[in-house]
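Trainee: I would like to learn how to read a structure step by step. Could you take me through it, giving the general idea before each case?

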Amino acid sequence: MQKSMKRYFPIFVLPTLTAFTIAFLYPFIMGIYLSFTEFTTVKDASWVGISNYKKIFLDRNFINALVFTVKFTLVSVVTINTLGFLLAYVLTRGIKGTNLFRTVFFMPNLIGGIVLGYIWQLLLNGILAKFGVTLSFSAKYGFWGLVILMNWQLIGYMMIIYIAGLQNVPGELIEAARIDGATGSQILKRIMMPMVMPSFTICLFLTLTNSFKLFDQNLALTAGGPGRQTSMLALDIYNTFYGRVGWEGVGQAKATVFFLMVAVISLTQLTLTRRKEVEN
Amino acid sequence: MSRKGKNTEIQQMEVGKTTGAFLTAVLAVLSLTFLFPIVLVFMNSFKSKLFISDAPFQLPKAGTFVGLTNYVEGIRKTGLFPAFGRSLFITVASVAVIILFTSMTAWFIIRVKSAFTNVLYYVFVFAMIVPFQMVMFTMSKTANDLYLNSMYGLVLLYLGFGSGQAVFLFCGFVKAIPLEIEEAAMIDGCSPIQTYFHVVFPMLRPTAVTVAILNAMWIWNDYLLPSLILPQEKGTIPMVIQNLKGGYGSIDMGAMMAMLVLAIFPIIVFYLSCQKYIIKGVAAGAVKG
């Protein structure tokens with residue numbers, strides 16, 4: 001079978017591989033190379049070694065974006081997962097209206113980041129107007145605005161994944177624990193939480209990477225304002241590429257550092273939480 | 001896969017009647033706060049633009065109500081309907097090619113064991129963790145050089161970007177299919193292509209639905225990639241909404257609200273009509289991912 005299949009490589013693999021090479025593979029390798037060069041149109045690239053990488057760390061916008069992104073990610077990951085798990089827990093208890101609630105809580109996830117940003121701009125500016133300020137008055141407002149938006153968007157998504165995890169906990173296991181005299185909170189902590197670990201792995205991964213890579217919502221809600229104080233890393237990289245002629249190489253170096261950070265953070269998290277998973 | 005014991009388990013863990021009623025009430029209030037932002041936008045889309053920023057929480061009344069003016073104005077300014085058509089074409093075509101080609105590739109990778117397919121698998125998996133910004137600039141230059149600055153080019157780029165996750169999900173599923181069925185088909189004289197379309201692809205349907213949902217949600221809402229590839233005047237829905245803000249400060253808030261409503265409306269209708277599949281697809285995608 002393998003032999004006869006091999007001849008069909010051009011049909012089965014080539015279309016995907018061609019698109020993948022054009023959209024990802026070639027640009028990725030090219031991107032690493034260009035991060036060590038100075039260029040404006042790619043074709044005029046000249047090798048400058050690690051000078052772009054040095055410039056990054058002297059760039060106050062980048063450092064500011066890094067700090068802002070890390071803070072934002074920490075807060076969002078904790079709030080989204082706590083609330084998402086809580087909702088999932090309540091919504092697997094067989095209360096009335098469960099399906100309707102699931103439908104409503106998941107809905108914001110289908111609305112795109114740009115649209116979400118403008119919806120929340122209206123709402124938050126409306127509230128802040130009562131205090132005579134706007135979202136762009138201080139970075140603090142932009143920060144919490146983004147946190148609220150992100151929670152609204154992702155809580156329902158994580159809830160769905162936690163529900164799937166909770167429903168996979170075998171009923172017999174809980175029954176056995178109950179017969180042994182375990183209380184509700186003991187069952188939650190000792191049986192359900194460990195059994196739901198795969199869901200935690202996925203939810204942490206998704207919230208972590210989505211928060212760290214946030215772009216559309218950032219662009220629409222605050223556009224980085226005031227100044228560049230609420231620019232997250234993705235937006236800062238975008239602005240370096242498309243807002244500052246002659247800094248394309250630095251933009252590419254920023255992107256490379258960004259990629260390495262995302263890779264290290266997500267792989268570390270995956271290994272750490274995978275280790276805590278138990279066999280079902 | 002859900003277990004048989006699922007229902008009994010839920011019953012065992014059911015809360016008492018009073019607690020149940022209390023929780024339902026709490027969740028009902030929470031649902032309303034979840035819906036409020038959308039209701040607010042809808043409400044403001046009927047108000048004169050001058051009253052939106054000043055008093056967003058007031059219902060439209062005699063002095064502020066403008067009927068459909070914002071909608072008419074917004075549609076004229078943005079060309080929303082053509083943008084809707086482009087978004088629809090790009091999403092449907094991209095999802096279709098992603099499902100067709102990546103499932104074929106995944107089958108090949110799993111069934112043809114070689115160093116090459118092994119490397120290929122890991123390269124696809126690797127692509128999943130690379131953020132878009134890493135390839136943003138070089139990809140848009142490459143697309144430019146290859147004359148891919150069109151809706152059709154965009155479909156090809158989405159196939160390229162979507163293939164990592166899709167190949168990964170399909171591979172997970174193909175591994176679980178017993179080889180004997182395919183061998184039997186081949187012995188009966190099916191070519192690999194016939195085997196694939198008559199035997200393998202129908203079995204892959206559950207994963208195909210998952211892949212379709214995850215990719216449709218992503219591509220329909222994507223802003224950055226189309227904005228780098230398509231000309232401004234031929235944008236997708238997220239692009240025309242962002243363009244409404246423009247570069248010159250003041251936004252026509254009335255038109256903005258109306259366009260937000262028109263952007264959300266089809267998604268909600270679509271969601272309500274196939275929420276069962278969407279929620280299942282998201283859960284399945286996560287479990288396999």
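Predicted model: local features only at pLDDT ≥ 70, side-chain atom pairs only at ≥ 80, totals over all residues.

Trainee: With which residue does Arg274(A) form a salt bridge?

Mentor: The general idea is that side chains of opposite charge can pair when their charged atoms come close. Here Arg274(A) pairs with Glu277(A), with 3.4 Å between the closest N and O atoms, and Glu277(A) is itself partly exposed, at 24% relative accessibility.

Trainee: How many salt bridges does a search of the whole structure find?

Mentor: Over all chains the search finds eight salt bridges. One of them joins Glu73(B) to Arg76(B), whose closest N and O atoms are 3.2 Å apart; both residues lie in helix α4 (residues 69–78) of chain B, three residues apart, which is about one turn of the helix. Glu73(B) counts as partly exposed at 26% relative accessibility, whereas Arg76(B), at 58%, counts as exposed.

Trainee: Which parts of chain B does the pair of Arg111(B) and Glu182(B) tie together?

Mentor: The side chains of Arg111(B) and Glu182(B) meet in a salt bridge at 2.6 Å, N to O. Arg111(B) belongs to helix α5 (residues 80–111) and Glu182(B) to helix α9 (residues 179–187) of chain B, so the pair ties together parts that are 71 residues apart in sequence. Arg111(B) counts as buried at 11% relative accessibility, and Glu182(B) counts as buried at 0%.

Trainee: How much area do chain A and chain B bury between them?

Mentor: The size of an interface is often given as the accessible area lost when the parts come together. For chain A and chain B this is about 9200 Å², with 78% of it on carbon and sulfur atoms, and the contact takes 101 residues from chain A and 101 residues from chain B. Across this interface the rule finds one salt bridge, and the side chains of Lys43(A) and Asp145(B) meet in a salt bridge at 3.4 Å, N to O.

Trainee: Which residues make the nonpolar surface patch of about 390 Å²?

Mentor: That patch is made by Ile127(A), Phe131(A), Phe36(B) and Phe57(B). Phe131(A) sits in the loop between α7 (113–129) and α8 (139–167) of chain A, and at 65% relative accessibility Phe131(A) counts as exposed.

Note on methods. Residues numbered from 1 in each chain as written. Chains lettered and ligands numbered in written order. Heavy atoms only, no water. Patch = residues over 30% accessible without salt bridge, like charges linked within 9 Å, V, L, I, M, F, W, Y side chains within 5 Å. Areas by Shrake-Rupley, 256 points an atom, 1.4 Å probe, with all protein chains shown as cover. Salt bridge = Lys/Arg side-chain N within 4 Å of Asp/Glu carboxyl O. Helix = DSSP H or I, 4+ residues; strand = E, 2+ residues; numbered from the N terminus. Buried < 20%, exposed > 50% of the residue type's maximum accessible area, 1.4 Å probe, protein only. Contact = heavy atoms within 4.5 Å. Buried area = accessible area lost by both parts, 1.4 Å probe.
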